[in-house]
Amino acid sequence: MLMRTDPFRELDRWTQQVFGNLAGTWSRPTAMPLDAYRSGDEFVVAFDLPGVSPDAIELNVERNVLTVKAERRPVATGEHVEMQVAERPLGAFSRQLFLGDTLDTDHIQASYDAGVLTLRIPIAEQAKPRKIAISATETPKEINA
C-alpha cells in the first residue's frame with residue numbers, strides 16, 4: 001500500500017558518504033529516512049527530522065501522492081560564539097510516497113515530537129474486511145419421485 005518513489009536513495013547515501021554530507025537544496029533536496037508500518041486500521045509513517053522546526057515542514061497530498069518537505073536551518077549564534085563541530089546536515093529534505101487507493105487521504109493526522117514527524121493514515125472504509133450477511137431462503141420443498 002505504501003511505496004517509496006526514490007530508487008536511487010542508496011546511491012545518494014553512498015555518494016554522500018564518499019563526497020561528504022552535501023546540503024540539500026530546494027531544487028535537489030536530500031532524502032529523509034523513514035519507517036512505515038501498519039498498526040490495526042491505519043498506516044503509520046515516521047520521518048526522522050531532528051533539529052527541524054515544525055514551521056519548516058511542509059506536508060501535501062495530491063492525487064494519492066504524499067509529499068513531505070522540510071528545511072534544517074543553521075542555529076542562530078551570537079556575536080561571540082564560535083562553532084566547534086557542525087556535523088548535522090543543513091538544507092532542504094524531501095520525500096514522496098505513493099499512497100494506494102485503499103488509504104483515506106482525507107483524514108491523515110500529523111504530529112511532530114522529539115524530531116520525528118509521525119503521520120497516521122487510516123485505511124479507507126471500503127478497503128476494510130467485512131462480513132457479508134447471508135439470508136435464509138424458504139425451506140426447500142420435497143421432491144416426489
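Student: Why is Thr67 called buried in this predicted model?

Tutor: Thr67 has a relative accessibility of 12%. Buried means under 20%, so Thr67 counts as buried.

Student: Where is Thr67 placed, and which residues is Thr67 in contact with, leaving aside neighbours within four places in sequence?

Tutor: Thr67 belongs to strand β6, residues 65–72. Its contacts beyond those neighbours are Glu58, Leu59, Asn60, Ser94, Arg95 and Gln96.

Student: What makes the link between the side chains of Thr67 and Gln96 a polar contact?

Tutor: The distance is 3.0 Å. A polar contact requires a pair of N or O atoms within 3.5 Å, one able to donate a hydrogen and the other to accept it. The pair joining the side chains of Thr67 and Gln96 is therefore counted as a polar contact.

Student: Why is Pro29 called partly exposed?

Tutor: Its relative accessibility is 29%. Partly exposed lies between the 20% limit for buried and the 50% limit for exposed, so Pro29 falls in that class.

Student: Where is Pro29 found, and how far apart in space are Pro29 and Ala92?

Tutor: Pro29 is in the loop between α1 (9–19) and β2 (30–31).

Student: How do the residues lining the second largest pocket divide?

Tutor: Six are nonpolar, one is polar and four are charged. The lining includes Gly51, Arg72, Glu87 and Leu90. Gly counts as polar, Arg and Glu as charged, and Leu as nonpolar. The space in this pocket is about 180 Å³.

Conventions. Residues numbered from 1 in each chain as written. Predicted model: local features only at pLDDT ≥ 70, side-chain atom pairs only at ≥ 80, totals over all residues. Heavy atoms only, no water. 1 Å grid on protein atoms, 1.4 Å probe; cavity = no way out; pocket = protein on both sides within 12 Å on 5 of 7 lines; lining within 4 Å. Points joined across faces, edges and corners; volume = space filled by probe spheres on them. Helix = DSSP H or I, 4+ residues; strand = E, 2+ residues; numbered from the N terminus. Buried < 20%, exposed > 50% of the residue type's maximum accessible area, 1.4 Å probe, protein only. Contact = heavy atoms within 4.5 Å.
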